[in-house]
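Student: I would like to go through this structure and ask what stands behind the words used for it.
Tutor: Go ahead; here it is.

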Amino acid sequence: MFRPLKTIVAAAALLFAAAQVSARAADAPTADDTAKFLAGMMPSADSPLMPLTRDPAWQHHARFFDSAFGQLEQRQMSKVRAWSEANISALKPTMFYMFSGPDFLYANAFYPSATTYVLSALEPPGSVPDMTKLPRGSISAALANVEHSLGSILSFSFFITKKMKVDLHEGQLNGTLPLLYVFMARSGKTIKNVSTVALDAKGTAYFANENPGGNAVQGVRIVFAGSDGVDRTLYYFSTDLSESGARSSGFLKFCATLAPGNSLIKSASYLLHSNNFSTVRDFILANSATIIQDDSGIPLGYYSARKWRLFPFGRYAGPISEFPNKYQQSYTELFQRAQPMDFGIGYRWRSHESNLLLAVRLPDDGAATADATSSTEVPPPAPRPKRPRKPHPAPLPPPPQPSRGFFWFQ
C-alpha cells in the first residue's frame, strides 16, 4: 500500500527537523565544560567552547583566576582542609549551610566527605546560557562580571550581600549558578547533571518541568563527582529564612528529610542573634551533629551544656563596627582557652583576628558531661580515624597579593 506523496514529504520534514534539534542539542556545551570555561579552565577537547578559549579576553580571564585561586589555595583553602581533617569527627552525609550564597568553596573545604550539600540564601539561582550563542563582544563583559562577583570571597572569605544584589542581576550571566559552577570546577569537581528544583509547602521536591503549584521555593540541583568518582548532590535554594519565610515555606521540611547533618555558619550578619530567625536557629541546633561557626552565628547562650561540647579556635576580637551591640562576653571568656588556627575567616578576615567555634553534639546520655564553657581547660576533639588524603594539584607559584584597597560589608 502506497502512502500519498504529501504524507511522505511531511514525515520527511518532521524527521529532518528532529535531526536538526538533535544536532543542535549535541552541539550545546555540557554543564561541566561550561563550568570549566567560566572558571578559566580548559573544557574538553571536543567541546564547542574550545574556539572561544582562543579569545584574548578568555585567556586574560584564565590567567586572572589561575593567579587568584592559586593564591587562595596556599593562603586559605589548604589550611581549612587541614583544620577539618584534624578536628571534625562526627561526620554525616548531609551538610547544611544557611545564609551561604553560592559559597560551595568553603562548604566543600570544611566538609569534603559530605554526599549532599544544602545551601540557601535570598539570592536567586539564575541560569547559565549557552556561551557559544552569546554575541562575541558580550562574553568578555560576562567573564569580567564573574570576576567582579567573586572579588570579596577570593580576597576575604565571604560574599557581600549588597554587592551580590547588583552583581547577580546584571549581564548575560545572572544568579548564583555561574558562581557555583566556578567554585565546583576550581574544586576539582565534575558536573554530571543540572536541573531546576522547587519545593512545595510540605517540602516535597519537584524537578525540571514538574509543577509544585503555589509559592514554591525555587532552587537548583547539581549532581557531581570528585576525584573519588562518587556521585554527590548540591542543592541551592533561594529562600527567606526569617520567621515568616521559614514557617510558610517547605524548605526546612525538605532539610528535615536529609537530617541529621553537619552545619556551617559564616559571615551571617548576626541574623541568628535575632528572634526573627529563631525557627532556622532551632532547626540547626536540633538537626546538626557538628556546627562550625564564627561569632556571627548562633549566640553562645543557645548551646545547652547538656547537649553540646564547645571547642574554640583563634581569637575573639568582638564584632566589627558595622554590627554594633553584638559583643558577647561569654565568647571572650570561652576564647581565653582557644586553640590556635592559621587562617582567617568571617568578617575579621585577618588570621590573627579570626575566631571559629566547633560545637559537637553530645550523646543522648551526655547530661553529666561538663560544659566546655565552664571547664578550666578545653580538651582537643576526640581522636578520629584518618580520612585518606586526596591528592591536590601542585600549588601555583605565589601570585601578587590582591589589593586590599576595597572592603564592603553586608
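Student: What makes strand β3 and strand β5 a pair, and in which sense do they pair?
Tutor: This is a predicted model, and in it β3 (residues 190-199) and β5 (residues 217-225) are joined by 9 bridges in the antiparallel sense. A pair needs at least two bridges, so 9 bridges between β3 and β5 meet the definition. One example is A198, whose bridge partner in β5 is Q218.

Student: How do you know that β3 also pairs with β4?
Tutor: Again by the bridges: 3 of them join β3 to β4 (residues 205-207), and these strands run antiparallel. At least two are required, so β3 and β4 count as paired. L199, for instance, has A205 as its bridge partner in β4.

Student: What do β3 and β4 form, and which residue in the turn has a positive phi?
Tutor: They form a hairpin with 5 residues between the strands. In the turn, G203 has a positive phi of about 90 degrees.

Student: Which strand runs parallel to β8, and how many bridges join them?
Tutor: That is β7 (residues 261-265), joined to β8 by 5 bridges. Among the bridge partners are I265 and, in β8, Q293. From β7 the chain passes through helix α11 (residues 278-287) to β8, and this β-α-β crossover is right-handed.

Student: In which sense do β8 and β10 pair?
Tutor: In the antiparallel sense, over 4 bridges; β10 covers residues 355-361. T290 has V360 as its bridge partner in β10.

Student: Why is Q293 called buried?
Tutor: Its relative accessible area is 0%. The cut-off is under 20%, so Q293 is buried. Q293 lies in strand β8.

Student: What makes the approach of Q293 to Y303 a polar contact?
Tutor: The two side chains make that contact at 2.7 Å, and the limit is 3.5 Å between N or O atoms. The side chains of Q293 and Y331 are likewise joined by a polar contact, of 2.9 Å.

Student: Which residues is Q293 in contact with, leaving aside its neighbours within four places in sequence?
Tutor: The residues are I265, I298, Y303, Y331, N355, L356 and L357. Of these, I265 is also the bridge partner of Q293.

Terms used: Residues are numbered from 1 along each chain as its sequence is written. This is a predicted model: local features need pLDDT of at least 70, side-chain atom pairs count only at pLDDT 80 or more; totals for chains, interfaces and linings use all residues. Side-chain values use heavy atoms; hydrogens and water are left out. Helices (H or I, at least four residues) and strands (E, at least two) are DSSP runs, numbered from the N terminus. A crossover is right-handed if, with the strands pointing away from the viewer, the path from the first strand over the helix to the second runs clockwise. Buried means under 20% relative accessible area, exposed over 50%, partly exposed in between (1.4 Å probe, protein chains only). A polar contact is a pair of N or O atoms within 3.5 Å; within protein, one must be able to donate a hydrogen and the other to accept it, and residues adjacent in sequence count only if both atoms are side-chain atoms. Contact means heavy atoms within 4.5 Å.
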